[in-house]
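Please keep the structure open while reading.

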Amino acid sequence: MEWLMYILLGFLVICAIAVSFSKNLLNSLMIFMSYSLVMSIIWILLESPDLAITEAAVGAGVTSVLFFVTLKKIHAIDEKKKGEKDE
Amino acid sequence: MSRLKEWDSYKKTRAYRFFRWYRGEKDPFLGEVEIKEGKLYKDTRSEEEIQKEKEELMNKVYDIDHNKEIKFFKLVYGIISAVFCLALTFVLLLMVSYSPKTGNPGNPNENEVPARYIENGLQETGAVNIVTGMILDYRAFDTLGESHVLFIATITVFILLRIDKDEKGKEKDREEANDRNYEPKNDAILQIIAVIIVPLIIIFGIYVILNGHLSPGGGFSGGAIIGAGLILYLNAFGFAKTERFFTEKTYKIICFCSLSFYCLAKSYSFFMGANHLESGIPLGTPGAILSSGLILPLNICVGLVVACTMYAFYALFRKGGF
């Protein structure tokens, strides 16, 4: 199981860097979600399944959904062309 | 109505002014503190002059290629931020390398507190899951604060994002604020998947809450699962369906009942424990579903509050009310 842990931890670092370097807000949200999912797998490997359940429900589910709603409200998802021009 | 002073001299006292203000007859700040409408600034120059000045300003300030100060500032800013991030990473990694290895018996966290939790936890709390026994029995006060934090967070979001209702009871038709008009109507794939999966999610959440003292999980995890299931249901079927069973009133009742029950039950048990009295709450046989005293009802309370909070957050973000 050691190698799986190293792969997951490496994936965490890659995700954390990719979130801040991604230009598209929707992409960075997706990466943020996958970060939470990987984190929940790591919690299972660390033998704390209750934290894994909470991480999957809150981190990957509810937080990202709230982010999606906010992005939709500020029209960051719908109007792609306008958003690309601004940057 | 008798007064010690004459009417004219009474008029000058502070009490008279205070009662006048209290009865709402006169507001002493009315017309004093409000911002008065000032004169509008009129530009006397012609449009060409304005345009010219704007262009000059833009060239001077925002022309990065020729403005040396901005160029220099950008360079320094980038270097400083990179150096700061690297330094922070270095310091944190250094601290990690100094911290003791996990599982070492000589670690500072291996004192009498976790030993007591592990040795006497089952007898004292009756919970097979020591984590739940810890957070809902030994440290129940902590969990009470956490659930209140969730409640206060919902209220804060409610204050910030709420849409006021008109006098007629209709919501203001602000297109931006009300998200209902943009809901995708009757998405067949989403609805059929939701019909299958939402009951399973909610039953799993209830299972996690009810078995909080027996297996990993508890109020927070189960409540988050139920909240996620409710959000999925809301997304699939829209607000009209969820408002049949979950409105602002439901939220108020559930949160008030859960938090006050938690508060009263734990106050009772703390009071009895502090005075070395028998609380009279049976612990039951460890491993049975109805055991471990107050932990099961407290778990249900926390789970209800968390589920309501999750749903309320989403509903408030979507349409400013629920």
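## Conventions

Helix axes here are lines fitted to C-alpha atoms, for helices over the stretch in contact, and angles run from 0 to 180 degrees between N-to-C directions. With that convention, the axes of α7(B) and α11(B) come within 11 Å and cross at roughly 160 degrees.

The model is predicted, so local features need pLDDT of at least 70 and side-chain atom pairs count only at pLDDT 80 or more, while totals for chains, interfaces and linings use all residues. Residues are numbered from 1 along each chain as its sequence is written, and chains are lettered from A and ligands numbered from 1 in the order in which they are written.

## Chain B as a whole

Chain B contains 12 helices and zero strands, where helices (H or I, at least four residues) and strands (E, at least two) are DSSP runs numbered from the N terminus. Of its 322 residues, 22% are buried, a residue being buried if 20 or more other C-beta atoms, placed from the backbone, lie within 10 Å of its own, exposed if 12 or fewer, and partly exposed in between.

## Helix α7 of chain B

Helix α7(B) covers residues 140-161 and reaches 32 Å from its first C-alpha to its last, close to the 32 Å expected from 1.5 Å times one less than its number of residues. Its buried residues include T143(B), S147(B), L150(B) and T154(B); seen down the axis, the buried residues fall within an arc of 45 degrees (taken from the directions from the helix axis to the C-beta atoms), so they line one face of the helix. An α-helix has 3.6 residues a turn, so residues three or four places apart point the same way.

The face turned away from this buried side carries exposed residues, among them F141(B), D142(B), V149(B) and I159(B).

## Packing against α11

Cover for the buried residues of α7(B) includes α6, α11 and α12 of chain B. The pair α7(B) and α11(B) is therefore roughly antiparallel, the term for angles over 145 degrees. Residues in contact have C-beta atoms, placed from the backbone, within 7 Å; A140(B), L144(B), S147(B), H148(B) and F151(B) in α7(B) meet C255(B), L259(B), Y262(B), C263(B) and K266(B) in α11(B).

## Positive phi in two loops

In the loop between α2 and α3 of chain A, E47(A) has a positive phi of about 65 degrees although it is not a glycine. The loop between α11 and α12 of chain B holds H276(B), whose phi is near 55 degrees and which is exposed, with 6 other C-beta atoms within 10 Å.

Key: Contact = placed C-beta atoms within 7 Å. Parallel < 35°, antiparallel > 145°, perpendicular 65-115°, else oblique.
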